[in-house]
Amino acid sequence: MSSGTVDDWIGLLKFRDEKFKSLSHSNLQEKYILALSIRVTELCLDAVILLNNHRMTSVPIVLRSALESYADLQCCIKDTNHPDAMTKAQYWRLYELHKHVKSDTAEEHKKRGKKLSVWERFNKSELVELYNGYYSVLSMYSHGNVGALVENSVGEQVLLGSAFNDEKSLQYFDQAINLVALSIKDTLVFYKFDSAYVEYPTKIIDKINKAL
């Protein structure tokens, strides 16, 4: 049974909109933290919309992306230089895309870039246990391993579509609520909001974790 409720979900989204509308940024660290927190919550919103429409196949892929952004959010909170590392990582990705094409563009991207692996991001954010557990499970679905094909079959029958599992759907819902609450809480703490404001998302996080 899901420990998170629809009221928790709607309440968190309203709470985010109310508190975040007053936030601004005066440096790159603040800008990235605000952008990453919003990205996490928006991806989780997309996942819940899919669940509400009984579309489960891509939900773990969306949640995996949200979890990666949450790791970057934690890195930015802990390290003022992480936004620069993210920028360099983007140039490195552009280099990887252009390196097979003989052009000055690829070399320019290489000079400005530096690889930053997913493992490095989770390690830096002190979320290694999460990387080895929950993230690895989500990756199975994202990479289309044999385990992911279970979503398109029941027993020996291959479905024209995908199977919908109520229990798994509730688990994904809890995971989405938890990630949203964590991102909101961590952002408010970073922006030095009064503890009374942080109490609301913290209560939801505690309720979900106690049920796990």
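**Pockets and salt bridges**

Guide: In this predicted model, the second largest pocket is lined by L36, R39, S65, E68, S69, D72, M86, A89, Q90, R93, L116 and R121.

Visitor: How do the residues of this lining divide into nonpolar, polar and charged?

Guide: The second largest pocket has a volume of about 210 Å³. Helices α2 (28–52), α3 and α4 (82–98) each contribute at least two residues to its lining. By class, the lining comprises 4 nonpolar, 3 polar and 5 charged residues.

Visitor: Which residues are linked with E68 in a network of salt bridges?

Guide: E68 and R64 form a salt bridge at 3.8 Å, N to O. Because they are 4 residues apart in helix α3, about one helical turn separates them. A further salt bridge, at 2.8 Å, joins R121 and D72; this pair links distant parts of the chain, with R121 in helix α6 (residues 118–124) and D72 in helix α3, 49 residues apart. The network linked with E68 therefore contains R64, D72 and R121.

Visitor: Is D72 buried or exposed?

Guide: The cut-off for a buried residue is under 20% relative accessible area. D72 has a value of 6%, so D72 is classed as buried.

Visitor: Which helix supplies the largest share of the lining of the largest pocket?

Guide: The largest pocket holds about 240 Å³ of space. Among its 13 lining residues, L130, Y134, Q175, N178 and L182 are the closest to its centre. Helices α3 (59–78), α7 (128–142), α8 (166–190) and α9 (195–211) each supply at least two residues. The largest share, 5 residues, comes from α8.

Notes
Residues are numbered from 1 along each chain as its sequence is written. This is a predicted model: local features need pLDDT of at least 70, side-chain atom pairs count only at pLDDT 80 or more; totals for chains, interfaces and linings use all residues. Side-chain values use heavy atoms; hydrogens and water are left out. On a 1 Å grid over the protein atoms alone, a cavity is a set of points where a 1.4 Å probe fits but cannot get out, and a pocket is an open set with protein on both sides within 12 Å along at least five of seven lines; lining residues have an atom within 4 Å of a point. Grid points are joined across faces, edges and corners, and a volume is the space filled by probe spheres set on the points. Ala, Val, Leu, Ile, Met, Phe, Trp, Tyr, Cys and Pro count as nonpolar, Asp, Glu, Lys and Arg as charged, and the others, Gly among them, as polar. A salt bridge is a side-chain nitrogen of Lys or Arg within 4 Å of a carboxyl oxygen of Asp or Glu. Buried means under 20% relative accessible area, exposed over 50%, partly exposed in between (1.4 Å probe, protein chains only).
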